[in-house]
Amino acid sequence: MELQMKENGFIANFAYGQLKISGDESYGFRPYQLMVSSIAACSSSVLNKVLGKMRMNCEDLKVSVQVERNEQEANRIEKIHMHFVIKGEGLQQEKVEKAIALARKNCPMVQSVKDSIEITESFELIQ
């Protein structure tokens, strides 16, 4: 991975496309947005795989994320709460709770920040 400095931030080129990063949303994604999005997308992807392995059909999965930052310490991310809305037939509350715990344990992004950012989850099921 290589990032090139530009006038208002940085640009990274990937096979899929170009990623613009800036502290100013007018010129690109803010670094904290990328970090939180990576954690939420990774966790959601792992959750979807775990649900499939548990033979629970997930027709749709949406995650809403709330972030708490500490302005006193460089505006660092202190807490991330992810709320999953899972749609599917025959979903069982207890099995989904286990699936979320397994997703947390097996998500590389969550595991990378687990000792520095508090991560919590909640969910609702739509049949």
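## Aromatic rings

A search of the whole structure, which is a predicted model, finds zero aromatic pairs. Rings of Phe, Tyr and Trp (its six-membered ring) count as a pair if their centres lie within 6.5 Å.

One ring does have a charge over it: the charged end of R69 sits over the ring of Y32, 3.9 Å from its centre. The test asks for NZ of Lys or CZ of Arg within 6 Å of the ring centre and within 35 degrees of the ring normal.

## A nonpolar patch

M1, L3, M5, F10 and F14 form a nonpolar surface patch with about 580 Å² of accessible area together. Areas come from the Shrake-Rupley method with a 1.4 Å probe.

F10 lies in strand β2, residues 9-13. F10 counts as partly exposed because its relative accessible area is 37%, between the limits for buried (under 20%) and exposed (over 50%).

## The whole protein

The protein has three helices and six strands, in the order β-β-β-α-β-β-α-α-β from the N terminus. These are DSSP runs: H or I of at least four residues for helices, E of at least two for strands.

Of the 127 residues, 31% are buried. The protein exposes about 8500 Å², and carbon and sulfur atoms supply 47% of this area.

## Basis of the values

Residues are numbered from 1 along each chain as its sequence is written, and side-chain values use heavy atoms, without hydrogens and water. Local features need pLDDT of at least 70 and side-chain atom pairs 80 or more, while totals for chains, interfaces and linings use all residues.

Methods. Patch = residues over 30% accessible without salt bridge, like charges linked within 9 Å, V, L, I, M, F, W, Y side chains within 5 Å. Salt bridge = Lys/Arg side-chain N within 4 Å of Asp/Glu carboxyl O. Buried < 20%, exposed > 50% of the residue type's maximum accessible area, 1.4 Å probe, protein only. Phe/Tyr/Trp six-rings, centres within 6.5 Å; stacked < 30°, edge-to-face > 60°.
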